[in-house]
Amino acid sequence: MKISIIGAGNVGSLTAMRLAQAGLGDVVLIDILKDLAFGKSLDLEDARPILSSHYNIEGSEDINKIKDSDIIVITAGMARRPGMAREELFSKNSQILKGVSLNIKSLAQGAKVIVVTNPLDLMTILVLKVTGFKPNQVFGMGISLDAARFANIIARELKLSVNDIEAMVIGAHGEAMLPLPSHSKVKGVSLNKVITGERVEQLVKETIGRGAEIVAALGTGSAFFAPSAAIARMAGMIVKDEKKIIGACAYLDGEYGIKDICIGVPCRLGKQGIEKIIELDLNKEEKKAFLKSANKLKEQYSSITI
Ligand code: APR
């Protein structure tokens, strides 16, 4: 397996480390800044004897090195600064991703592409359209991170292991995300039955604001430890053809009554990428909120000129 990561910043370089250490494949790290990816790859290579590990990693500013990759992770672009919404990265990052997508199209036709750059849902459909790849091949990492955050916050509240929590979040990877208490479980019991009323609402709110909370605390840049873990998890599911269900930003073609937009939904992930979209049974309110955020994405996407 050849796995390329475009963008060797915080998220990209930590993802490279996780993928290499997990032995998921040969890793190629690319960044537009001269020698940045190269330098990081040397550093990552030096860890091999200490870790007694035999991974291969290469770093370069030459995008041609992604040729014939099996998996490509896109983290290129700007990260949020304090007070900035993910959506504000829109115009800058869409220009960057157009260029990156054209390169992927000409160099790695068979790749599964995991988009990470924000605003995630818009960047995912942009990559899908510009590459012209099949919808199973192009998807985004965002909602699985949100679900991890929700699970972590629930576990902390209940003083339980995170392993006992199954958290469900759908929708856009942004302020409009929908953490779903009705579909989240604590050891098989609906979260609604374990934590009630206002307290659940507070946990939901905290989950939605978690990324911004981290951005504000860091002062420069946005989260990268949990995001890189979520990317590595998705890549592992593809490499090992796990066929497990995970939240991903996927292209909808009628599912949930939505067409022609990428948004976070539970999916079965395996060697073909998105192999199935799982349609949850949403109540009236959840459906309404989900449709509203999908329509907003559609509107925003129509303002990009490709
Ligand atoms: N090709 C390759 N790399 C690029 C390009 C390009 N065309 N344009 C920018 N980059 C690189 C930058 O040089 C930088 O090193 O992308 C990297 C981004 O790294 P960081 O600024 O550290 O950002 P990071 O925290 O990694 O986040 C990257 O992921 O989670 C999202 O919102 C986040 O959109 C952001 C992305």
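Domain bounds, as I use them today, come from an automatic or database domain assignment. The structure before you is a predicted model. For this chain, the assignment gives domain 1, residues 2-142, and domain 2, residues 143-301. The C-alpha centres of domain 1 and domain 2 lie 22 Å apart.

Let me turn to the interface. On the domain 1 side, 35 residues are in contact with domain 2, which contributes 48 residues of its own. Together, domain 1 and domain 2 bury about 3,600 Å² between them, and 68% of that area is on carbon and sulfur atoms.

What polar interactions cross this boundary? Between domain 1 and domain 2, eleven residue pairs are in polar contact, counting pairs with both residues at pLDDT 80 or more. The elements giving two or more residues to the domain 1 side are α1 (10-21), β4 (71-74), β5 (112-115), α4 (120-131) and β6 (138-140). Of these, α4 provides the largest share, with eight residues. Sorted by class, the side of domain 1 that touches domain 2 has 20 nonpolar, seven polar and eight charged residues.

How many salt bridges does the rule find across the interface of domain 1 and domain 2? It finds one. Asp-260 forms a salt bridge with Lys-129, and their closest N and O atoms are 2.8 Å apart.

Another of interest is formed by Glu-206 with Arg-156, where the closest N and O atoms are 2.8 Å apart. This pair links distant parts of the chain: Glu-206 is in helix α7, residues 197-218, whereas Arg-156 is in helix α5, residues 143-158, and the two are 50 residues apart.

I move next to a sheet. Three strands, in the order β7-β10-β11, form an open sheet with antiparallel pairing. Why is one side of β7 and of β11 left without a neighbour in the sheet? Strands β7 (165-166) and β11 (189-190) stand at the edges and each has a single partner strand, so one side of each has no neighbour there. Strand β10, residues 185-186, is joined to β11 by two bridges, and these strands run antiparallel. Within that pairing, Val-186 has Val-189 of β11 as its bridge partner.

Finally, I would draw attention to two points of backbone geometry. Most residues other than glycine have a negative phi, and most peptide bonds are trans. The peptide bond from Asn-118 to Pro-119, however, is cis, with omega near 0°. Pro-119 is found in the loop between β5 and α4; both of those elements also give residues to the side of domain 1 that touches domain 2. Asp-35 is found in the loop between β2 (26-30) and α2 (36-51).

Definitions and conventions:
Residues numbered from 1 in each chain as written. Predicted model: local features only at pLDDT ≥ 70, side-chain atom pairs only at ≥ 80, totals over all residues. Heavy atoms only, no water. Contact = heavy atoms within 4.5 Å. Buried area = accessible area lost by both parts, 1.4 Å probe. Salt bridge = Lys/Arg side-chain N within 4 Å of Asp/Glu carboxyl O. Polar contact = N/O pair within 3.5 Å; in protein donor to acceptor, adjacent residues only side chain to side chain. Helix = DSSP H or I, 4+ residues; strand = E, 2+ residues; numbered from the N terminus. Nonpolar A, V, L, I, M, F, W, Y, C, P; charged D, E, K, R; others polar. Pairing = 2+ DSSP bridges.
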